[in-house]
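Please look through the sequence and the structure shown below, and keep both at hand while reading this report.

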Amino acid sequence: MTSAAINDLAAAIVRHLIDGRLQDGGSHRQPVYNPATGAVIREVLLADAATVDAAITSARAAFPAWRNTPPIKRARVMTRLLRLLEQHADRICALVTEEHGKTLADSMGELQRAIENVEYASQVTELLKGEHSRNVGAGIDAWCEHQALGVTAGITPFNFPAMVPLWMWPMAVACGNTFVLKPSERDPTSALFIAQLALEAGLPPGVLNVVHGDKEAVDVLLTDPRVAAVSFVGSTPVAQAIYATGCAHGKRVQALGGAKNHAVVMPDADIPNAVAALMGAAFGSCGERCMAVPLVVAVGNTAAEALRAGLAAEIARMRVGPGTAAGSDMGPLVTRAHFEKVRGYVDLGVAEGAELVVDGRGLQVPGHESGYFLGPCLFDHVRPEMRIYREEIFGPVLGIVRVDTLQQAMDLIDAHEYGNGTCIFTRDGEAARHFSDHIEIGMVGINVPLPVPVAYHSFGGWKRSLFGDLHAYGPDAVRFYTRRKAITQRWPSGGVREGAVFTFPSSR
Ligand code: NAD
């Protein structure tokens with residue numbers, strides 16, 4: 001598939017990629033919107049069971065040859081892909097911004113982090129070496145190897161449409177598996193485009209298939225006995241259901257869910273630095289990041305007042321507009337339904353008694369009156385019993401919570417149902433160390449607002465932010481997408497011939 005053909009495709013209907021070919025499948029289709037204008041830009045096909053079955057059949061057929069392809073050749077496909085991703089970066093980012101709404105600079109940041117995952121997958125020969133012990137007994141050698149699982153599958157959310165698929169399938173296929181990807185139906189085109197680039201990079205047909213769709217398609221992936229493992233990233237209720245159903249059908253499942261990340265600001269923190277960091281963490285990508293910071297816990301009223309004043313002043317300087325406009329700091333929300341939901345939470349916060357310091361409702365972006373723009377909102381005096389505190393809003397809404405001590409801040413965070421990320425702003429090393437040692441959260445930043453691990457570490461939350469044992473990408477991806485085989489070998493010769501032995505074998 002050439003890039004020109006991909007351009008044509010992106011202009012009309014988003015089809016499935018099965019067996020290396022774009023295919024129709026399913027009787028339903030759904031509009032894909034440009035959230036900056038509210039216009040329908042293309043339609044995406046929604047797969048039915050037969051379409052997903054065809055993708056699994058293709059992946060199953062491709063598995064034996066791909067599994068036996070030397071890892072270095074699989075790795076070379078990743079190296080070629082990463083060059084193609086760099087070469088086509090502008091096109092990919094344009095697609096992400098067009099369908100998701102985030103600014104072009106933010107799309108570029110997403111793609112850069114995505115490419116780093118492909119780069120890690122290109123080093124798979126090192127990662128698959130396994131362990132070897134010679135002479136564990138007389139003339140006996142033992143080793144462990146990582147073997148591919150077979151057909152694996154991934155289901156991804158709308159908010160990082162290019163990156164999250166690349167958390168999954170490059171490592172899965174580099175490890176020798178084949179893959180069926182089900183991207184978000186809200187912004188499906190960049191994932192499909194990248195899959196086509198993978199074919200161009202030399203990935204054999206059937207090794208990576210892309211089916212678009214909703215629950216109907218996902219249910220087939222979760223129940224078909226030919227699928228060995230499922231990776232999921234999305235909201236917590238769906239993650240929990242995916243984990244339960246996938247496990248009940250004997251699959252290995254990792255299901256990453258939602259979040260409500262708290263930043264703690266200590267009285268000794270560098271407040272202007274914390275304010276600057278929080279602005280990006282709360283409002284970057286319109287708050288639609290699972291590592292976004294929608295809550296800041298100020299320790300002491302002096303810190304709270306300084307934060308409130310600093311954040312309000314910075315918000316007044318923010319530019320909200322289409323992601324394609326050079327000056328925009330923040331684009332629109334992803335869909336009208338999500339816009340209504342987030343605006344509803346702002347209404348709710350007022351009704352619950354939080355103080356709305358900055359009200360982003362009613363924002364108009366000239367020339368984009370039908371876009372899903374909500375201005376940044378700042379609440380103060382948010383309390384833990386409020387729904388705007390407890391629930392994931394996933395929009396540009398930041399709440400200040402006031403406490404008196406670090407321990408109170410930590411108790412709040414530990415009591416929250418989500419455990420994805422958190423951060424602390426302080427100059428006190430002892431406090432920071434205590435915080436990172438004891439907090440019940442999977443990813444912790446110390447004066448770092450978005451502690452998203454780099455591609456060679458793994459990503460995952462605790463509590464109801466992750467169902468399963470292994471985190472996403474990085475070293476955990478090798479563990480997730482392979483199973484260990486332990487082999488013990490002896491070649492009887494001269495000195496080591498023995499008769500029957502009835503005791504448990506040991507090296508004595
Ligand atoms: P979502 O749960 O609505 O959808 C995620 C995927 O699941 C999509 O592909 C969707 O088609 C599919 N899906 C939706 N409902 C389903 C159902 N009932 N059965 C089977 N499949 C279903 O999530 P979203 O709105 O696309 O993404 C935002 C959510 O993802 C937020 O909660 C965010 O915190 C979370 N997220 C988490 C991480 C993380 O690493 N923990 C990363 C990114 C996003």
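## Record and model

UniProt, in an unreviewed entry, places the feature "domain: Aldehyde dehydrogenase" at residues 27–487; UniProt positions follow the numbering used here, feature names are shortened, and annotations may be inferred rather than shown by experiment. Over residues 27–487 the chain is 42% helix and 22% strand, with the end C-alpha atoms 49 Å apart, where helices (H or I, at least four residues) and strands (E, at least two) are DSSP runs numbered from the N terminus.

This is a predicted model, in which local features need pLDDT of at least 70 and side-chain atom pairs count only at pLDDT 80 or more, while totals for chains, interfaces and linings use all residues. Residues are numbered from 1 along each chain as its sequence is written.

## Around the ligand

The ligand is surrounded by 27 residues, and the closest are Pro157, Gly234, Ser235, Gly258 and Cys290; a residue counts as near if its C-beta atom, placed from the backbone, lies within 6 Å of the molecule. This shell divides into 12 nonpolar, 10 polar and 5 charged residues, with Ala, Val, Leu, Ile, Met, Phe, Trp, Tyr, Cys and Pro counted as nonpolar, Asp, Glu, Lys and Arg as charged, and the others, Gly among them, as polar.

Because domain 1 (3–257 + 465–488) and domain 2 (262–446) both give residues to the shell, the ligand lies between them; the domain bounds come from an automatic or database domain assignment.

## Strand β12 and its partners

Strand β12 (residues 252–256) is mostly covered, since 4 of its 5 residues are buried, that is, 20 or more other C-beta atoms lie within 10 Å of their own, with C-beta atoms placed from the backbone (12 or fewer would be exposed, and values in between partly exposed). Strand β11 (residues 227–233) runs parallel to β12 and is joined to it by 5 bridges, with Val230 opposite Val253; two strands pair if DSSP finds at least two bridges between them.

On β12 there is also an antiparallel pairing with strand β22 (residues 466–467), over 2 bridges, in which Leu256 has Leu466 as its bridge partner.

## A sheet of three strands

An open sheet of 3 strands has the order β1-β5-β4 and mixed pairing, and its edge strands, β1 (13–14) and β4 (28–34), each pair on one side only. Strand β5 (residues 39–46) runs parallel to β1, with 2 bridges, and antiparallel to β4, with 7 bridges. The bridge partner of Ile13 in β5 is Glu43, whereas that of Val32 is Arg42.
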